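Subject: Structure for you to look at

Hello,

Here is the structure I promised to pass on. Please open it and keep it beside you while you read the notes below.

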Amino acid sequence: MAEPGIHFLDAHGPEGVRLYAIGDVHGRLDLLAAMHQRIEAEIEQEAPADWRVIHLGDYVDRGPDSRGVIDFLIKARERDPRHLMLAGNHDVGFLDFLKKPDPEGLFIRFGGIQTALSYGVAISDGTSMWLGKAESAVRKGHQALVEAVPQTHIDLLRSLRLSLTLGDFFFCHAGIRPGIALARQNPQDLIWIRDVFLNYPGLFPKIVVHGHTPVPEAEVMVNRVNVDTLAWQSGMLTALVVDGPDKRILTITIKEPGTIREA
């Protein structure tokens, strides 16, 4: 028997626990730090009984400071274990590259060059080289990156879980496959799925809170909420806030260095 579905308007967070779910960061330490500052100010001022801050993955690639983002997350979790981190496909791709360099893989083709630079390593994408030379250049850069990435960063990336359920909400990076029980979702779907999930009109057993597919502003649907607002390029990082039956969207925008706009 299929699990009954729930509508966004009827969904509740866990009793007495305020939830903050932050979308894809992609190396934008400035936005992540500003979002945390805003969340910490709210918690201090409004004093909820308890809270969780859930990061929906894709901490690395594309933006300028992936290393700084991972450092920040490590310190946040050490400071308070209520900071929770999920895995995104780019985070998994980073680990895959460190294990085995692939000139045609996700890391090299979609923003890993910027990640490497944040660790002080320049890696060529090989686009202007013939195949053998390109592979040699990637291998050389890979070895330098392996030596540059601290073990604590690898430990954090390896520790990332794929999903989390709290109250009437299911958190993951990309989405779920309709018709499959939440507990039986394919790990690849949780970090990669798009159209079959995004276009599904029916209700899910939980409201799925996700990122992965960029949208101009938070997308609130009857069955899901997308908070990936292309932070690395748009300068806007978005979070969903759930407090009992109440839901709202929180955004931090930095269009120019030092200029922060909150909403």
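At what angle do α1 and helix α2 pack, and how far apart are their axes? This is a predicted model, and in it the angle is about 25°, with the axes 9 Å apart. Because angles under 35 degrees count as roughly parallel, α1 is roughly parallel to α2. The crossing of α1 past α2 is left-handed. On the α1 side the contact is made by Leu29, Leu32, Ala33, His36 and Glu40. The α2 side contributes Gly68, Val69, Phe72, Leu73, Ala76 and Arg79.

Helix α2 also holds Ile74. Is Ile74 buried or exposed? Its relative accessible area is 13%, and buried means under 20%, so Ile74 is buried. Leaving aside neighbours within four places in sequence, Ile74 is in contact with Thr152, His153 and Leu156. Of these, Leu156 is 82 residues from Ile74 in sequence, yet the two are 6.9 Å apart in space, C-alpha to C-alpha.

Next, the cores. In soluble globular proteins, nonpolar side chains tend to be buried together. The largest nonpolar core here has 44 residues. Those with the most contacts inside it are Ile22, Met35, Ile39, Ile70, Phe94, Ile123 and Leu145. Helix α1, residues 29-46, supplies the largest share of this core, with six residues. A second, separate core has 20 residues, among them Phe8, Leu56, Val225 and Leu240.

Ile123 is worth a look by itself. Apart from its neighbours within four places in sequence, Ile123 is in contact with Phe97, Phe107, Ile108, Ile113, Ala116, Val138, Gly141, His142 and Leu145.

Now the strands. Strand β1 (residues 17-22) pairs with β2 in the parallel sense, over six bridges. One of the residues involved is Val17, whose bridge partner in β2 is Asp50. Strand β2 covers residues 50-55 and is mostly covered itself, with five of its six residues buried.

Elsewhere, five strands form an open sheet with mixed pairing, in the order β4-β5-β6-β8-β7. Which strands are at the edges? They are β4 (163-166) and β7 (219-220), and each pairs on one side only. For β7 the partner is β8 (residues 224-226): the two run antiparallel and are joined by two bridges. Val220 stands opposite Val225 in β8, and Val225 also belongs to the second core.

Regards

Notes. Residues are numbered from 1 along each chain as its sequence is written. This is a predicted model: local features need pLDDT of at least 70, side-chain atom pairs count only at pLDDT 80 or more; totals for chains, interfaces and linings use all residues. Side-chain values use heavy atoms; hydrogens and water are left out. Two strands pair if DSSP finds at least two bridges between them. Helices (H or I, at least four residues) and strands (E, at least two) are DSSP runs, numbered from the N terminus. A nonpolar core is a set of buried Ala, Val, Leu, Ile, Met, Phe, Trp, Tyr and Cys residues joined through side-chain atoms within 4.5 Å. Buried means under 20% relative accessible area, exposed over 50%, partly exposed in between (1.4 Å probe, protein chains only). Contact means heavy atoms within 4.5 Å. Axes are lines fitted to C-alpha atoms, for helices over the stretch in contact, and angles run from 0 to 180 degrees between N-to-C directions. Angles under 35 degrees count as roughly parallel, over 145 as roughly antiparallel, 65 to 115 as roughly perpendicular and the rest as oblique. A crossing is left-handed if the near helix is turned anticlockwise from the far one by less than a right angle, and right-handed if clockwise.
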